[in-house]
Amino acid sequence: MRKLSFLFITILFLGVSCGDNTPSGPSPDDFDRQAILINWSDNIIIPAFRNMSTESAGLRSETESFVQSPTVQNLTSLREAWETAYLAFQHVSMFEMGVAMDLRYRDNLNIYPTNPDEIEESINSGSWNFDLPSLNDSQGFPALDYLINGLAATDAEIVEFYTTNPAAEQYRSYLLDLTLRIETLTNTVLEDWTSGYRDEFVNNSGNGANASLDMMVNDYIYYYERNLRAGKIGIPAGVFSGNPLSTHVEAYYSDGFSKALFMESLTAVRNFFNGDHFDSQNSGESLSSYLQYLQSMKESVDLSTLIDEQFVSAENAAAALSPDFRQQVEDDNTLMLATYDQLQANVVLLKVDMLQSLNINVDYVDADGD
């Protein structure tokens, strides 16, 4: 399937190169790429990681309160902190650059479905090492989802795992370690950006495979394909398996939180494309403005407009979905597939038309997620 995907992309590139989608304006090399890098780092990436750091600390604090006093009320507060931090994570997950790439930050925080058997085995043994890649699927936000939402049918029964269960002390310890690791990894990435990597990133403003803009754009599109389109919608909808997989939705154990996570992620990738500052009404140089500078067109329509409108089409398609993707897949999967189709339409615009206009090569074969 990977070979077929590679062939498909190659054919698309050849087809585009023979069409009327080539830039009609100035050379891509004449644009001030560093202005984009500065806007990305100073107004989007670092502010988003600062927010993630704050919310991670809040999550850890609520976890400490819960493990010190496991009550239904404190469990509710912990869930609220988990949701807030999980939403904040959707704004940094795409930035797998610098030390985040070395740490495999995203894999440590959001591999799903999580592995309940592995979690229970670690808790019962009283020993775990989250540095091991083999435990990626038993840590992060999905593991927290299981431990605060999935242990039992009622809140009172969940609390019993942390009070009267023979392994209650291990459950409390595991839960706290999960949130400490999220906070520690997040602060490590933030410190990397603010203690030198920002300048390295901004000053690497040339063009070529190792330039910051080329690498970031590739990572951005990979995230869009693999983690947003495939992970949140395509895989649970059965696009790659032929059968719907409701157990593979994000936030599986929660009471209808998967749609909120998807919409937040879609907003984040759209904002990044348009250069919109994090948590602000301001915007700066971006992929959109770069395409406008190049006067990039597709079938006589402005390419940046086409891409942004396709983001809106995906948002509109997703608006019809249930807050609980697990329920949506099981009740009416056609709406999930319709949302996937809208997301897929932008893959072609981003990965083929935009990259050709910006003279950036794809540095990976495919990202189907299968």
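Modeller: Let's begin with a word we will need: a residue is called buried when its relative accessible area is under 20%. Keep in mind as we go that this is a predicted model.

Biologist: Thanks! Is W82 buried or exposed, then?

Modeller: W82 has a relative accessibility of 1%, so it counts as buried. F257 is buried too, because its relative accessible area is 7%.

Biologist: You mention those two together. How do I read a pair of aromatic rings?

Modeller: In general, a pair of aromatic rings is described by the distance of the centres and the angle of the planes. A search of this whole structure finds 26 aromatic pairs. In one of them, the ring centres of W82 and F257 are 5.6 Å apart and the planes meet at 45 degrees, so this pair is tilted.

Biologist: Where in the chain do W82 and F257 sit?

Modeller: They belong to distant parts of the chain, 175 residues apart. W82 is in helix α3 (residues 72–89), while F257 is in the loop between α10 (212–237) and α11.

Biologist: Which residues form an aromatic cluster with them?

Modeller: The cluster consists of F49, W82, Y86, F89, Y105, F141 and F257.

Biologist: Which residues line the largest cavity?

Modeller: The lining is made of I44, A48, H91, M94, F95, A268, N271, F272, D276, H277 and F278. Sorted by class, the lining has 7 nonpolar, 3 polar and 1 charged residues.

Biologist: I'd like to look at H277. Where does it lie?

Modeller: H277 is in the loop between α11 (258–274) and α12 (287–293). With a relative accessible area of 16%, H277 is buried, and H277 is also one of the residues lining the largest cavity.

Biologist: Which side chains make polar contacts with the side chain of H277?

Modeller: The side chain of N39 makes one, at 2.9 Å, and the side chain of N43 makes another, at 3.4 Å. Leaving out residues up to four places away in sequence, H277 touches N39, N43, I44, N282, S283 and G284.

Biologist: Let's turn to pockets. How much space lies in the largest pocket?

Modeller: A pocket, unlike a cavity, is an open set of points. The largest pocket here has about 360 Å³ of space. It is lined by 19 residues, and those closest to its centre are N110, I111, Y112, R226 and N227. Both α5 (105–109) and α10 give two or more residues to the lining, with the largest share, 7 residues, coming from α10. By class, the lining of the largest pocket has 7 nonpolar, 7 polar and 5 charged residues.

Biologist: And what is the volume of the second largest pocket?

Modeller: The second largest pocket has a volume of about 290 Å³. Of its 15 lining residues, E96, M97, M101, R106 and D219 are the closest to its centre. For this pocket, α5 and α10 each supply at least two lining residues, and α10 gives the most, with 4 residues. The lining of the second largest pocket divides into 7 nonpolar, 2 polar and 6 charged residues.

How values were computed:
Residues numbered from 1 in each chain as written. Predicted model: local features only at pLDDT ≥ 70, side-chain atom pairs only at ≥ 80, totals over all residues. Heavy atoms only, no water. Buried < 20%, exposed > 50% of the residue type's maximum accessible area, 1.4 Å probe, protein only. Polar contact = N/O pair within 3.5 Å; in protein donor to acceptor, adjacent residues only side chain to side chain. Contact = heavy atoms within 4.5 Å. 1 Å grid on protein atoms, 1.4 Å probe; cavity = no way out; pocket = protein on both sides within 12 Å on 5 of 7 lines; lining within 4 Å. Nonpolar A, V, L, I, M, F, W, Y, C, P; charged D, E, K, R; others polar. Phe/Tyr/Trp six-rings, centres within 6.5 Å; stacked < 30°, edge-to-face > 60°. Points joined across faces, edges and corners; volume = space filled by probe spheres on them.
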